[in-house]
Amino acid sequence: MESNQKAGGDGLAGTQKEAALRALMQRTGYQLRQENGQRRYGGPPPSWDGPPPERGSEIFVGKLPRDLFEDELVPLCEKFGKIYEVRMMMDFNGNNRGYAFVTFSTKLEAKAAMKQLNNYEIRNGRLLGVCASVDNCRLFVGGIPKTKKREEILTEMRKVTDGVVDVIVYPSAADKSKNRGFAFVEYESHRAAAMARRKLLPGRIQLWGHAIAVDWAEPEVEVDEDTMATVKILYVRNLMLQTTEESIEKEFNSLKPGAVERVKKIRDYAFVHFTQREDAINAMNALNGKVLDGSPIEVTLAKPVDKDSYVRYTRGTGGRGSSLLQTDYTAYTLGQVEPTTQQHNNTTQHLCQKNNWGLPVYQLHSAISPDQRQLFLYKITIPALATQYPNVHPFTPTKLCVAVEEAKVHAAEHTLQTLGLQTEGAADAAAAAVASVAFPGM
């Protein structure tokens with residue numbers, strides 16, 4: 001590979017479709033360069049002036065034929081706007097890994113491309129899988145002593161990792177003077193978050209003398225402005241357990257009697273439905289931070305999500321604590337299939353890449369038991385099987401576990417069993433791929 005890169009100057013010498021790729025570069029003026037298991041087209045493009053495109057401008061393109069390259073993908077994507085960058089994931093044999101990331105110059109262009117290219121028949125019988133990509137900069141850190149305050153956690157995380165921007169901590173539902181045993185740590189970049197995650201992996205470091213659990217957090221749900229402009233439901237957080245739906249309705253009706261349509265409370269958060277959006281906005285502005293039954297409440301607009309179509313691949317996998325999810329309105333998202341160090345082992349990489357599935361993705365979720373113990377659950381997604389078995393994806397076990405590793409093993413066993421019931425052949429290979437992540441060296 002080194003000799004090829006030196007000979008061609010850009011690493012293209014001797015590659016598949018070398019002539020077609022050079023013709024593409026000559027036509028567009030973009031550069032192609034090979035680095036770290038991927039090939040980058042542009043980033044930035046010729047004569048680009050200014051910062052990179054805003055977040056939300058990148059899409060994930062999956063289910064690519066393994067012998068399809070930029071000479072076919074770029075002309076297809078150019079129809080929807082100016083391409084800032086294409087990152088095609090490559091294997092050692094010169095094939096692609098079945099997926100690529102395409103960044104457009106604007107979010108609107110990315111949205112149009114995503115809508116038109118999902119399920120697009122790129123070749124006879126080969127349909128693309130296209131969804132949004134999110135640059136994840138947030139980690140989930142579990143196992144934090146419940147007596148620690150936000151400032152203490154922020155100070156500690158800055159001592160052991162670089163690039164910490166913020167720490168998000170939620171009070172316990174039962175005791176507002178304590179945290180829930182976990183926090184979300186926001187970093188300045190995905191790279192900083194990835195380096196921190198590697199450093200904080202179990203067994204490498206302890207905080208306050210305690211073992212910790214670390215995984216990618218689910219990024220914040222991004223909903224377009226047009227949709228948010230129609231929302232008339234408020235999300236109310238940090239409620240006391242004893243606060244009733246009736247008292248919430250009374251409080252939110254106090255500004256304008258009869259404005260509230262209904263209230264749905266779930267543990268320590270609630271959704272307040274208004275008849276008119278204007279009343280919802282006024283209530284949000286007036287009541288955010290107000291003390292209700294001794295607890296200052298947080299009031300924001302609820303984020304509606306189409307659970308049937310909302311699927312995102314992110315640079316990093318994981319999920320936020322389940323007790324925090326805006327269950328009625330926020331869908332779980334899939335983790336990104338860009339390989340991590342753990343996922344690059346043995347059977348997993350070979351089987352998933354061979355079958356063009358993408359790597360199995362683990363999502364870590366956390367909840368608090370009635371006796372205030374922290375419990376863990378993993379969900380598993382095999383990207384290429386998600387559309388074949390939408391009713392069981394992501395694979396979600398019913399049992400919550402007290403240890404992170406136990407939760408991972410249980411999730412693998414659950415997925416094996418489910419796949420065995422669903423199909424033969426392909427499921428056996430997929431099951432082996434999943435098991436190899438939970439049981440390295442298998």
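Two strands count as paired if DSSP finds at least two bridges between them, and strands themselves (E, at least two residues), like helices (H or I, at least four residues), are DSSP runs numbered from the N terminus. The model on your screen is a predicted one, in which local features need pLDDT of at least 70 and side-chain atom pairs count only at pLDDT 80 or more, while totals for chains, interfaces and linings use all residues. Residues are numbered from 1 along each chain as its sequence is written, and side-chain values use heavy atoms, with hydrogens and water left out.

Colour it by pLDDT, the predictor's confidence in each residue on a scale from 0 to 100: the mean is 77, and 72% of the residues reach 70 or more. Confidence is lowest in helix H1 (residues 2-8), with a mean of 38, and highest in H3, with a mean of 96. If you select residues 1-8, you have a stretch with pLDDT below 50 that makes nine contacts beyond near neighbours in sequence, a contact being heavy atoms within 4.5 Å.

Next, select strands S10, S11, S9 and S14, which in that order form an open sheet with antiparallel pairing. S10 (164-171) and S14 (213-216) are the edge strands, and each has a single partner strand, so one side of each has no neighbour in the sheet. From one strand to the next the twist averages 25°. Zoom in on S10 and S11 (residues 179-187), which run antiparallel and are joined by six bridges; here aspartate 166 stands opposite glutamate 186 in S11.

Finally, select Tyr41, Ile59, Val61, Leu73, Ile83, Val102 and Phe104, which touch the most other members of the 29-residue largest nonpolar core. Such a core is a set of buried Ala, Val, Leu, Ile, Met, Phe, Trp, Tyr and Cys residues joined through side-chain atoms within 4.5 Å, where buried means under 20% relative accessible area (1.4 Å probe, protein chains only). Among the elements giving two or more residues to this core are helix H2 (18-28) and strand S3 (58-62). Centre on isoleucine 83, whose contacts, not counting residues up to four places away in sequence, include Tyr30, Tyr41 and Phe104.

Conventions:
Buried means under 20% relative accessible area, exposed over 50%, partly exposed in between (1.4 Å probe, protein chains only). Axes are lines fitted to C-alpha atoms, for helices over the stretch in contact, and angles run from 0 to 180 degrees between N-to-C directions.
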